[in-house]
Amino acid sequence: MHISSLDRERGQIDGLRFIWLELTNRCNLACVHCYAESGPHPERQDVLTTTDFKRVLDEAAEIGCRAVQFIGGEPTLHPGLPALIGHARLRNYEYVEVYTNGTHLAPTLLECFRLNSVSVAVSVYADDPEIHDAVTARRGSHRRTIANLRALVKACVNLRVGIIAMGVNHERIEQTKTFIRGLGVENITLDYARGVGRGGDVADGEVGLQALCGACWQGSLCIAPDGGVSPCIMSKAWPVGSALTSSLAELVAGASLRDARQLIHDKVWRPREGDLSPTMCEPDKPCGPCDPLCNPCIPLCNPTCPPRDCGPGTA
């Protein structure tokens with residue numbers, strides 16, 4: 001992974017190693033903790049086109065980025081997702097992940113994931129359908145998500161499940177982990193609801209800047225559907241520019257991003273003693289399932305942990 005420099009005195013990584021592309025504000029669910037306040041009828045409009053996102057992928061690749069996560073809203077609702085996955089692979093992105101609620105998975109999209117060796121992250125809030133559906137505010141979402149998890153496992157897609165703990169589900173976290181493992185998924189990440197967006201209504205903790213995990217100073221960037229750029233998906237209150245008016249190279253080299261990263265580093269991030277690794281997170285302060293670079297069991301961070309062997313002739 002290319003990183004231009006690590007200024008140990010400032011604790012600041014320059015350059016760009018990982019990007020989130022928020023393809024849409026629209027989502028078929030209305031999760032009570034959603035940081036982006038997404039839903040079927042979002043207030044914020046989608047502005048960037050598929051062509052715009054391809055340009056962003058090009059610009060990020062030119063300055064050394066080789067890891068991307070497509071997220072939303074619900075990214076599988078965006079018609080350009082397959083083309084963007086193919087473009088990321090064309091530009092030699094080493095890690096491509098789609099973070100989805102798992103309710104909307106057409107056979108053609110599943111085949112796209114398989115053929116392009118896409119990693120997929122799916123949110124599951126509880127083993128109990130009623131609790132899960134209470135979080136998503138949509139009855140039947142648990143049934144659809146679990147059915148598609150089974151399809152992803154069967155297709156041998158590199159898969160992980162993210163659990164977000166909050167008041168309604170915190171007592172069933174261990175049962176939920178056991179349930180997910182029973183589906184054939186071993187890669188499970190756990191985070192807690194962050195006090196950002198609708199999460200401010202359900203999070204049991206800090207809101208605003210202090211709600212961030214603090215790791216997004218480490219060479220990451222988020223591009224929102226309206227072109228807004230911020231250090232991560234949850235730090236939109238600290239924007240650093242727009243992909244509509246500036247190139248990523250200009251933004252990454254600019255003072256706004258440097259200052260935002262420094263603010264997050266100084267106010268939120270607490271490194272372990274002697275650890276300056278950009279791929280490690282605190283064991284007691286997880287980065288959460290939205291950031292695959294904080295997950296110790298992916299090829300990008302740990303080449304000894306490849307996707308499971310599905311046998312000859314499979315991806």
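Visitor: In which helix is Val252 found?

Guide: This is a predicted model. In it, Val252 belongs to helix H7, residues 248–253.

Visitor: Why is Val252 called buried?

Guide: Its relative accessible area is 14%, and buried means under 20%. Val252 therefore counts as buried.

Visitor: Which residues does Val252 touch, leaving out those up to four places away in sequence?

Guide: They are Gly15, Leu16, Ile63, Leu221 and Leu257. Val252 also lies 9.6 Å from Ala60, C-alpha to C-alpha, although the two are 192 residues apart in sequence.

Visitor: Which residues of helix H6 are buried?

Guide: In H6, residues 173–182, these are Ile173, Thr176, Lys177 and Ile180.

Visitor: What puts them on the same side of H6?

Guide: Around the axis they cover an arc of only 100 degrees, so they share the same side of H6. Glu174, Thr178 and Gly182 are exposed on the other side. The buried residues of H6 pack against strands S7 (158–165) and S8 (188–192).

Visitor: Which residues of helix H2 are buried?

Guide: Leu81, Leu84, Ile85, His87 and Ala88 are the buried residues of H2, which spans residues 81–90.

Visitor: How do you know that the buried residues of H2 line one face of the helix?

Guide: Down the axis of H2, they fall within an arc of 165 degrees, and therefore they line one face. They pack against helices H1 (50–62) and H3 (107–115), and against strands S4 (67–71) and S5 (95–100).

Technical notes. Residues numbered from 1 in each chain as written. Predicted model: local features only at pLDDT ≥ 70, side-chain atom pairs only at ≥ 80, totals over all residues. Heavy atoms only, no water. Helix = DSSP H or I, 4+ residues; strand = E, 2+ residues; numbered from the N terminus. Buried < 20%, exposed > 50% of the residue type's maximum accessible area, 1.4 Å probe, protein only. Contact = heavy atoms within 4.5 Å. Arc of directions from axis to C-beta.
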